[in-house]
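Subject: Structure handover

Hello,

Here is the structure we talked about. Please open it and keep it beside this email while you read.

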Amino acid sequence: MTSRSDYFEQVYAFKDKQIIKVLTGLRRCGKSFLMEQIIEELKASGISENQIIYYRLDELENEAFLDYKVLYEKIKSRLVEGKMTYIFLDEVQLCPNFQKAVDSLFNKKNTDIYITGSNSDLLSGELATLLSGRYVTIDMQPFSFREYLHERGEQGLATGDREQCYADYVRYGSLPFTLLLKNNAENVNQYLNGVYNTILLKDISARHQINDLSTLEAVIRFMFANTANICTSKKISDTLTSGGRKVSQPTVENYMHYLEECFMVYKVGRYDIKGKEYLKTLSKYYIADTGLRNMLLGYRNIDTGHILETLVFLELKRRRYELYTGKIGDMEIDFVAKTPSSIYYVQVAESVKSEETLERELKPFSRLRDSYPCILITLDKTLNEDFNGVRHINAIDFFCGKELG
């Protein structure tokens, strides 16, 4: 698989620093591969194998290490006296109370610790308290479109070919292993079904003792079908209840949180641009991978506009923008994308070739009273590059690396 260079550089910048490196993200997004890539780089730089300790806690041969005391004692016995020992623990959340082992190892001399987990609450408990200020989190995602093209060996494709690759990317998703299946719909669906069931059964059901899987799946289907839309627990509860499945609002709220926890969906809050305040209600949700959505719901009647907005969200997140949905009076702007030094206002539409649609998408920008850049991202190829100060970017060019500014 191709090098995940952006993530590699983020992690490797902290090598030999007294700080725990935490890699989180959706199952099968490439965390284990990145960890192995770091290990290979260490070996290439002259680090001996006995200075590297690597355990995948989701493998049967390492089942004994799901006891944190056993894990700690084993690693402690392998520490190299007087030299740095590099410790890699994959899917560490499978070990109850792993925090205690990690904390004790962190306090040893000459240890450099890397851990991965498929749960965003990995550091929400005791470890966060024990190691406050002593860890850094790198959130990984599946392949970007640019990585997807590179992996297919088609980085310099002509526009028409790029559009076909984009269609494949939308249909089969961005989990790295799907590329090895060569767009074989049956094989891709079978693989994605396995990933989905692992998340459903291991990361959600077993972790939170959920017995009513049919209701949980109903919530998942609703949120997958409504990516890039405002979702509330009340709306989901009312919809499911009207369909004959009575489910309480607090239960739906819990399930929505569990989906965020395991990176199946991302929540984006709202920001009142005029009032300059963050709002607590009417958040939008975006799915992490379109392939999982299509496996579960089918590819027919796909809402291509909201799927495009979802992919723009994921790309902005990869580029580490702080993201909100913008409220300006009674209108909305899809994204308020913040950096430490600037703000970008971004609207996303599949096409604005009709005057009516173009006017609708540009209108919220006219309400703004600051001078930050306004961006319109569409799949249109022949539009003007500028509409009275609003910059137009073709979505595929954006996915291939074109910057907002």
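Which lysine lies over the face of Tyr271? The residue to look for is Lys338, and its distance from the ring centre is 4.1 Å. A second case involves Tyr114: Lys21 lies over the face of that ring, 4.7 Å from its centre.

Before you go further, note that this is a predicted model. The mean pLDDT of the protein is 93. A value of 70 or more is reached by 97% of the residues. Confidence is highest in strand β11, residues 343-348, with a mean of 98. It is lowest in helix α5, residues 126-130, where the mean is 66. Where pLDDT is low, the predicted coordinates should not be read in detail.

Next, the aromatic rings. The count comes to 21 aromatic pairs. Two of them are worth a look on screen.

Start with Phe177 and Tyr191. Their ring centres are 4.9 Å apart. Their planes meet at 45°, so the pair is tilted; planes under 30 degrees apart would count as stacked, and over 60 as edge-to-face. Phe177 sits in the loop between α7 (159-172) and α8 (185-208), while Tyr191 is in helix α8, so the pair ties together parts that are 14 residues apart in sequence. How accessible are the two partners? Phe177 is partly exposed, at 39% relative accessibility. Tyr191 is buried, at 18%.

Now turn to Tyr266 and Phe313. Here the ring centres are 5.8 Å apart and the planes are at 55°, so this pair is tilted. It links distant parts of the chain. Tyr266 belongs to strand β7 (residues 265-272), and Phe313 belongs to helix α13 (residues 304-318). Is Tyr266 buried or exposed? Tyr266 is buried, with a relative accessible area of 12%. Phe313 is buried too, at 3%.

There is also an aromatic cluster to find. Phe145, Tyr148, Tyr166, Tyr169, Phe398 and Phe399 form it.

Last, the cysteines. How many disulfides are there? The count is zero. Take Cys231: the nearest cysteine sulfur belongs to Cys262 and is 15 Å away. A disulfide needs the two sulfur atoms within 2.5 Å, so Cys231 is in none. Cys231 counts as buried because its relative accessibility is 4%, under the 20% limit. Cys374 is buried as well, at 12% relative accessibility.

Best wishes

Conventions: Residues are numbered from 1 along each chain as its sequence is written. This is a predicted model: local features need pLDDT of at least 70, side-chain atom pairs count only at pLDDT 80 or more; totals for chains, interfaces and linings use all residues. Side-chain values use heavy atoms; hydrogens and water are left out. pLDDT is the predictor's confidence in each residue, from 0 to 100. Helices (H or I, at least four residues) and strands (E, at least two) are DSSP runs, numbered from the N terminus. Buried means under 20% relative accessible area, exposed over 50%, partly exposed in between (1.4 Å probe, protein chains only). Rings of Phe, Tyr and Trp (its six-membered ring) pair if their centres lie within 6.5 Å; planes under 30 degrees apart count as stacked, over 60 as edge-to-face and the rest as tilted. A charge sits over a ring if NZ of Lys or CZ of Arg is within 6 Å of the ring centre and within 35 degrees of the ring normal.
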